[in-house]
Structures are given as C-alpha cells and as structure tokens.
Amino acid sequence: MEPEAEADTEASERPGGEVRLLPWAGLESKPCYLITDDQGGPVSRLADSTESIQLGMGTELLAHAQNLLPETPRGELRFLAERLTEALGDALRVAESRGQRLRRLN
C-alpha cells in the first residue's frame, strides 16, 4: 500500500471525530488531517477559508491563461504553467476533501 493510501486508511478509521483532509500539505508534502467533533472550530474555519482562496486563485489563473495563451511566446509560459500546476493541485486536494465529507454524510 502506498504511504498516502495508508494515511487515508489510518485517518478514516480513527474513533471519536470526523476526519477532514486539510487544504494544505504537511512535511514532505504529506496530507494533513483534522480530527474533530466541532464542525465550526477555528481550524475548520481556516480550512474553509483556505479552500475558498485556493479555488478563487485557480479561477483567476485560468482566466489569465485563457487571455494570455493565444499571443504569448513559448518561453514566457513557464511561470504561468507552474502557477496553474499549483492551483490544480490545490483544487484537487479541495475536491478530495469535500468528496470525503460528502461520502460520510450519505
């Protein structure tokens, strides 16, 4: 089993509270989890805010890329590609976290 799969399994099996994948990575880019019974706690609110910011940045980057790409020389696209890669990684982490929470509600 891959380390991330192990972390997901371990986190989902913890008793005593809801497990939430946070929208930031820990050391060595490993997933961070919050285990809590308090849906409106300070870390949950920070995670909600961070997710909103990350998705907003992704939306802005996508719009910027759509405007920039048709007329930009190839050599100038690296910075944009790096930021889009980061934004996509953030969006995928948010989607995974929200998907996990939706599955627990059903």
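The axes of helices α2 and α3 come within 9 Å of each other and cross at roughly 140°, the axes being lines fitted to C-alpha atoms over the stretch in contact and the angles running from 0 to 180 degrees between N-to-C directions. The two helices are therefore oblique to each other; angles under 35 degrees count as roughly parallel, over 145 as roughly antiparallel, 65 to 115 as roughly perpendicular and the rest as oblique. The crossing of α2 and α3 is left-handed, a term that applies if the near helix is turned anticlockwise from the far one by less than a right angle, clockwise being right-handed. From α2, the contact (heavy atoms within 4.5 Å) is made by Asp48, Glu51, Gln54, Leu55, Gly58, Leu61, Leu62, His64, Ala65 and Leu68. The residues of α3 that take part are Leu80, Arg83, Leu84, Ala87, Asp90, Ala91, Val94, Ser97, Arg98 and Arg101.

The model is predicted, with local features requiring pLDDT of at least 70 and side-chain atom pairs counted only at pLDDT 80 or more, whereas totals for chains, interfaces and linings use all residues. Residues are numbered from 1 along each chain as its sequence is written, and side-chain values use heavy atoms, with hydrogens and water left out.

The protein chain contains three helices and two strands, taken as DSSP runs (helices H or I, at least four residues; strands E, at least two) numbered from the N terminus. Their order from the N terminus is α-β-β-α-α. Of its 106 residues, 25% count as buried, where buried means under 20% relative accessible area, exposed over 50% and partly exposed in between (1.4 Å probe, protein chains only). Among contacts in the protein chain with a separation of 6 or more, 48% are between residues 24 or more positions apart.

Helix α2 comprises 27 residues (42–68) and should span 39 Å at 1.5 Å a residue, which agrees with the 38 Å between its end C-alpha atoms; the expected span is 1.5 Å times one less than the number of residues. Its buried residues are Ser44, Ala47, Thr50, Glu51, Gln54, Gly58, Leu61 and Ala65. The elements covering them include β1 (18–25), β2 (31–36) and α3 (78–105). Glu51 counts as buried at 1% relative accessibility. Apart from neighbours within four places in sequence, Glu51 is in contact with Arg20, Pro23, Val94, Ser97, Arg98 and Arg101. Val43, also in helix α2, is partly exposed, with a relative accessible area of 36%. With neighbours within four places again set aside, Val43 is in contact with Leu22 and Leu34. The C-alpha atoms of Val43 and Leu22 are separated by 9.1 Å, although the residues lie 21 apart along the chain.

Strands β1 and β2 run antiparallel and are joined by five bridges, pairing being assigned if DSSP finds at least two bridges between two strands. Val19 stands opposite Ile35 in β2, and Ala25 stands opposite Pro31. Five residues lie between the strands of this hairpin, in which Glu28 takes a positive phi near 55°. In a regular strand the side chains alternate between the two faces of the sheet.
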